[in-house]
2 protein chains.
Amino acid sequence: MKVCELGEFGLIERLSEMIASQSRKPAFSDNRLLIGIGDDAAAWKSDSLIQLVTTDSLIEDIHFTLETATWEEIGWKSLAVNLSDIAGMGGLPRYALVSLGLPGDTEVDDITALYGGMIEISGEYEVAIIGGDTVSAPRVVINITVLGDNGSPDGPILTRSAALPGDVIAVTGTLGAAAGGFEMFRSDLSLGPEAAASLREACLRPHPRVTEGRILVENGIKAAMDISDGLVADLDHICRMSGVGARVEVDRVPVSSAVKECFPDRTLEFALSGGEDYELLFTAIPGNIDRVKAAASCPVNIIGDVIAGDIHKTILVDNTGSHVSLPGTGWDHFRTGRSQK
Amino acid sequence: MKVCELGEFGLIERLSEMIASQSRKPAFSDNRLLIGIGDDAAAWKSDSLIQLVTTDSLIEDIHFTLETATWEEIGWKSLAVNLSDIAGMGGLPRYALVSLGLPGDTEVDDITALYGGMIEISGEYEVAIIGGDTVSAPRVVINITVLGDNGSPDGPILTRSAALPGDVIAVTGTLGAAAGGFEMFRSDLSLGPEAAASLREACLRPHPRVTEGRILVENGIKAAMDISDGLVADLDHICRMSGVGARVEVDRVPVSSAVKECFPDRTLEFALSGGEDYELLFTAIPGNIDRVKAAASCPVNIIGDVIAGDIHKTILVDNTGSHVSLPGTGWDHFRTGRSQK
């Protein structure tokens with residue numbers, strides 16, 4: 001059935017039912033939520049917490065293409081990128097609003113599959129979808145807003161502006177696999193099934209580091225962000241906002257094993273400037289990083305250190321301390337024309 | 001300069017400066033805001049209030065066209081429709097997040113004009129723009145999320161589900177002018193300058209009834225919403241969500257004088273099903289409506305009453321009580337192809 005046959009209110013009703021059937025599960029029994037989908041706005045009781053809010057748009061043929069991603073994967077990813085922003089603040093995501101722009105001839109089954117992917121990840125992260133908006137559009141446009149908080153009164157949050165000279169720089173997980181997946185799709189490569197599955201997962205079903213963000217907060221980390229534009233581009237953001245510089249030893253940057261296997265000549269390019277890794281990038285005194293390493297269930301690697309001075313960006317060095325340069329340092333939505341992101 | 005020449009980060013910086021220069025004004029000195037634009041998410045301290053959030057998307061050539069609206073007007077309206085949702089809950093809007101999807105060849109001056117319109121209305125309503133997202137898109141897509149609250153601890157909110165049999169139904173202001181403006185643009189009509197200006201204003205620079213929403217709350221009103229889909233379609237929403245019916249006496253519906261002057265044969269069609277009026281529709285016992293009338297500086301008119309029963313929709317009657325039918329009862333984004341909204 002086409003969206004235009006079902007109509008706006010029919011579609012909203014269908015999607016509301018999908019969300020309602022999830023919110024009856026115990027993890028979602030949220031007695032703070034007063035009004036969910038169906039009124040002018042959603043409403044909930046707040047307490048004395050720091051509130052967080054983030055929003056991201058994904059647009060067909062710019063951020064995703066139906067040639068390579070399923071509707072479920074698009075739904076998963078569009079919520080994941082927002083959860084990752086909350087993770088980058090060390091917060092707990094609570095509520096999501098979903099705005100869809102859809103061509104009238106979109107199949108209703110496709111949109112319920114899209115919502116299926118959103119509901120799957122919202123279940124995994126215990127986030128409730130509480131509202132949104134559905135409009136007609138020439139191409140599929142997905143805008144998601146996620147609200148969260150800092151978990152406890154007087155609890156701190158992680159910001160991009162708290163890096164200090166003398167801090168070391170660390171990342172969770174490994175980098176480059178999302179860029180590898182993107183390259184696999186773009187060049188239609190035939191890779192081994194295990195590596196292909198791993199690259200696809202990194203590209204289309206990223207797992208935001210919400211738990212790790214909480215571990216950072218609990219272990220005294222102050223400066224962090226999630227890696228979406230690429231390690232170097234994102235570290236440049238921290239440098240600019242903290243008024244510091246950064247030195248990264250490229251050999252210490254952890255690269256995805258699938259990238260090493262499938263793209264041995266491009267590991268550093270993908271890991272340093274590929275983007276969309278949705279890992280956490282953070283800085284702290286070495287003792288605090290050690291505590292994070294001990295607490296986290298994922299790899300945590302030190303990759304460099306924060307330096308004083310006015311350069312406000314990232315310097316790459318090899319293991320002898322010599323400067324290394326790399327082509328491309330991140331993703332600019334307007335300057336480059338890369339698709340399938 | 002084109003957006004693709006300035007680049008994503010350049011554009012974000014430019015727009016952040018525009019917003020920052022406003023937020024230095026006294027009305028915006030908000031010591032609850034901890035992190036604005038530039039981090040993974042915006043953050044603020046909450047207190048024990050009911051929090052409200054709403055989101056709306058506007059898409060080029062579906063919701064607006066640059067043939068009739070200026071960029072400033074588009075900016076104004078895209079924030080106005082969200083403020084109106086907060087008004088429909090009786091809340092105070094506080095923060096806005098702006099997500100823009102833009103073709104790379106969009107002129108930067110046009111986007112600063114768009115932001116100019118948003119900043120103008122955000123100043124009038126004391127709302128701070130605290131974040132957002134900017135991506136590449138084939139056509140202009142504007143998604144705005146507005147956060148608000150109920151103004152005071154233990155204060156109530158207005159919902160669509162609180163209408164009771166025996167309530168009377170009332171609206172603020174007059175209806176139909178936005179639909180009249182839309183028709184003026186669509187048919188390229190040459191109207192008198194005063195009427196044309198009034199219809200244009202209704203269509204492109206609506207003034208959300210935030211103050212009036214607060215007056216409703218203060219005077220014991222429980223059931224309300226803003227009129228965006230059209231009076232009858234929106235009253236149907238209240239009927240369905242409250243489990244009641246509604247009877248509207250069509251002769252009592254207040255019609256915009258510009259509509260009466262320019263479209264004498266279509267007054268009821270525009271007023272009952274035109275939509276985008278952004279007035280408030282509410283129900284209450286007659287005594288409370290009288291108090292609202294006394295407190296509000298805009299017209300408040302009783303147009304009918306809430307009735308018991310399972311019909312869950314709106315019945316239209318004339319002043320003899322006979323049923324009246326009308327073609328079209330509102331706007332369905334997918335079923336109809338109306339442009340310029």
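These are my notebook entries on a predicted model with chains A and B.

**Ground rules**

I note that residues are numbered from 1 along each chain as its sequence is written, while chains are lettered from A and ligands numbered from 1 in the order in which they are written. Since the model is predicted, local features need pLDDT of at least 70 and side-chain atom pairs count only at pLDDT 80 or more, whereas totals for chains, interfaces and linings use all residues; side-chain values use heavy atoms, with hydrogens and water left out.

**Entry: the two copies**

I began with how the chains are related. Chain A superposes on chain B by a rotation of 180° with 0.0 Å of shift along the axis, at an RMSD of 0.0 Å (least squares on the C-alpha atoms of residues with pLDDT of at least 70 in both copies). The two copies are therefore related as by a two-fold rotation axis. Which residue of chain A comes closest to the rotation axis? I found A:Asp47, whose C-alpha is 2.7 Å from the axis. The same surface serves both copies, as 100% of the contact residues of chain A recur in chain B.

**Entry: the interface**

Next I looked up what lies between the chains. I read that 70 residues of chain A are in contact with 70 residues of chain B, contact being heavy atoms within 4.5 Å. Together the chains bury about 5600 Å², 60% of it on carbon and sulfur atoms (buried area is the accessible area, with a 1.4 Å probe, that two parts lose on being put together, summed over both). How many salt bridges cross the interface of chain A and chain B? The rule finds zero there.

**Entry: salt bridges**

The whole structure does have 24 salt bridges over all chains, each a side-chain nitrogen of Lys or Arg within 4 Å of a carboxyl oxygen of Asp or Glu. I picked out A:Asp305 and A:Arg247, which meet at 3.5 Å, N to O. A:Asp305 lies in strand 11 (residues 300–307) and A:Arg247 in strand 9 (residues 245–249) of chain A, so this pair ties together parts that are 58 residues apart in sequence. (Strands are DSSP runs of E, at least two residues; helices are runs of H or I, at least four; both are numbered from the N terminus.) A:Asp305 is partly exposed at 26% relative accessibility, and A:Arg247 is partly exposed at 35%. My cut-offs are under 20% relative accessible area for buried, over 50% for exposed and partly exposed in between (1.4 Å probe, protein chains only).

In chain A, salt bridges that share partners join A:Glu183, A:Arg186, A:Arg266 and A:Glu269 into one network.

**Entry: helix 4 of chain A**

Among the buried residues of helix 4 I noted A:Val108, A:Ile111, A:Leu114, A:Met118 and A:Ile121. After the helix comes A:Glu126, with a positive phi near 55°.
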